[in-house]
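Colleague: Please take me through one part of this model up close. Keep it short and plain.

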Amino acid sequence: MNLLDFISKYVYPSIKKCLIQILHEDYKLSLKKISEKLHMSRGLVSKYINGVRGTTIKLNKDDQICKDISVLAKEAVNNDLDAFHIKQRLIRIMFKWLYMGFFCNKHIEIDREKEFLRNCKLCMILFKHYQS
């Protein structure tokens, strides 16, 4: 599995799930309100909350990546952010944590080409501009 497939199938959905969970659990927003805030369908929000999407890579609320996402969640609750801004922020957070190697072990675990990935530094090369 190439890096882009891994990101689109596993990483980005797990990050979106974390954002949706924070909005639902910490801010007590309804599915309807979350769908409005994130510019997503209510059905898709429901799939994330009910564990149908974004579950392969589990993010713990205590992980620093979720703390970064919670900053975006707070901003989404307090402001009307457009869809582009939300996606841009989620992608920047994702790239930062890809650069830091946060998802490398998960990629090795999921991918069949494990030996190739053990010495892979592709994320650290591609996403170095997102390190801070």
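Modeller: Start with the largest pocket: H1, helix H6 (104-110) and helix H8 (122-126) each supply at least two residues of its lining. This is a predicted model, so local features need pLDDT of at least 70 and side-chain atom pairs 80 or more, while totals for chains, interfaces and linings use all residues. Numbering runs from 1 along each chain as its sequence is written, and side-chain values use heavy atoms, without hydrogens or water.

Helices are DSSP runs (H or I, at least four residues), numbered from the N terminus. A pocket is an open set of points on a 1 Å grid where a 1.4 Å probe fits, with protein on both sides within 12 Å along at least five of seven lines; lining residues have an atom within 4 Å of a point.

The largest pocket has a volume of about 170 Å³ (the space filled by probe spheres on its points). Its lining has 14 residues, and Cys104, Ile108, Leu117, Cys120 and Lys121 are the closest to the centre. By type, 11 lining residues are nonpolar, one is polar and two are charged (Ala, Val, Leu, Ile, Met, Phe, Trp, Tyr, Cys and Pro are nonpolar; Asp, Glu, Lys and Arg charged; the others polar).

Now follow H1 itself. It spans residues 3-26 and holds Lys17. Beyond its neighbours within four places in sequence, Lys17 is in contact (heavy atoms within 4.5 Å) with Tyr48, Ile49, Gly51, Arg53, Gly54 and Thr55.
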